[in-house]
Amino acid sequence: MTVVRKLEKLCSVKDITPKKTISGTVTFSLWDGFNSSKCGVALFVETGSHQICGSQNLELPEKL
């Protein structure tokens, strides 16, 4: 069972060509009682019209 605690837009990228590699760092706050062994990050890639064209589930290390 998955529980979504927070959904937040962390960044946006404009004017890129298909198959172009992008990289960067995002910073976000965690909530009280956060336990990295029970949590992960889901990344969604969407178009300007909010159509999801890709997603990735990322596990977090136990020690943050």
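This briefing walks through surface, contacts, cysteines and loop features of the structure above.

The model is predicted, so to speak of local features a pLDDT of at least 70 is needed, side-chain atom pairs count only at pLDDT 80 or more, and totals for chains, interfaces and linings use all residues. Residues are numbered from 1 along each chain as its sequence is written, and side-chain values use heavy atoms, with hydrogens and water left out.

**The nonpolar patch**

- Leu10, Val26, Phe28, Leu30 and Leu64 together make a nonpolar surface patch of about 450 Å².
- Patch members have over 30% relative accessible area and no salt bridge, with like charges joined within 9 Å and nonpolar side chains (Val, Leu, Ile, Met, Phe, Trp, Tyr) within 5 Å.
- A salt bridge here is a side-chain nitrogen of Lys or Arg within 4 Å of a carboxyl oxygen of Asp or Glu.
- The areas come from the Shrake-Rupley method with a 1.4 Å probe, and for residues only the protein chains shown count as cover.
- Leu10 sits in the segment before strand S1 (40-46); strands (E, at least two residues) and helices (H or I, at least four) are DSSP runs, numbered from the N terminus.
- Leu10 counts as partly exposed because its relative accessibility is 39%; the cut-offs are under 20% for buried and over 50% for exposed, with partly exposed in between (1.4 Å probe, protein chains only).

**Other residues before S1**

- Arg5 also belongs to the segment before S1, and with 62% relative accessibility it counts as exposed.
- From Arg5 to Trp31 there are 26 residues in sequence and 8.7 Å in space, C-alpha to C-alpha.
- Thr27 is in the segment before S1 and is exposed, at 73% relative accessibility.
- Thr27 lies 19 residues from Glu46 in sequence, and their C-alpha atoms are 20 Å apart.

**Two serines before S1**

- Ser36 is in the segment before S1, where its relative accessible area of 7% makes it buried.
- The backbone oxygen of Pro61 is reached by the side chain of Ser36 at 3.0 Å.
- Leaving aside residues up to four places away in sequence, Ser36 touches Leu60, Pro61, Glu62, Lys63 and Leu64; contact means heavy atoms within 4.5 Å.
- Ser37 lies in the segment before S1, and its side chain joins that of Asn35 in a polar contact of 2.7 Å.
- A polar contact is a pair of N or O atoms within 3.5 Å; within protein, one must be able to donate a hydrogen and the other to accept it, and residues adjacent in sequence count only if both atoms are side-chain atoms.
- Ser37 and Leu7 are separated by 30 residues in sequence and by 19 Å in space, C-alpha to C-alpha.

**The loop between S1 and S2**

- His50 is in the loop between S1 and strand S2 (52-59).
- The phi of His50 is near 65°, a positive value in a residue other than glycine.
- His50 counts as exposed, with 60% relative accessibility.
- Ser49 is found in the loop between S1 and S2 and is exposed, at a relative accessible area of 52%.
- The side chains of Ser49 and Thr47 make a polar contact at 3.1 Å.

**Cysteines**

- A disulfide is a covalent bond between the sulfur atoms of two cysteines.
- With a cut-off of 2.5 Å between cysteine sulfur atoms, a search of the whole structure finds zero disulfides.
- Cys53 is too far for a bond, because the closest cysteine sulfur, in Cys11, is 13 Å from its own.
- Cys53 is exposed, with a relative accessible area of 57%, whereas Cys39 counts as partly exposed at 23% relative accessibility.
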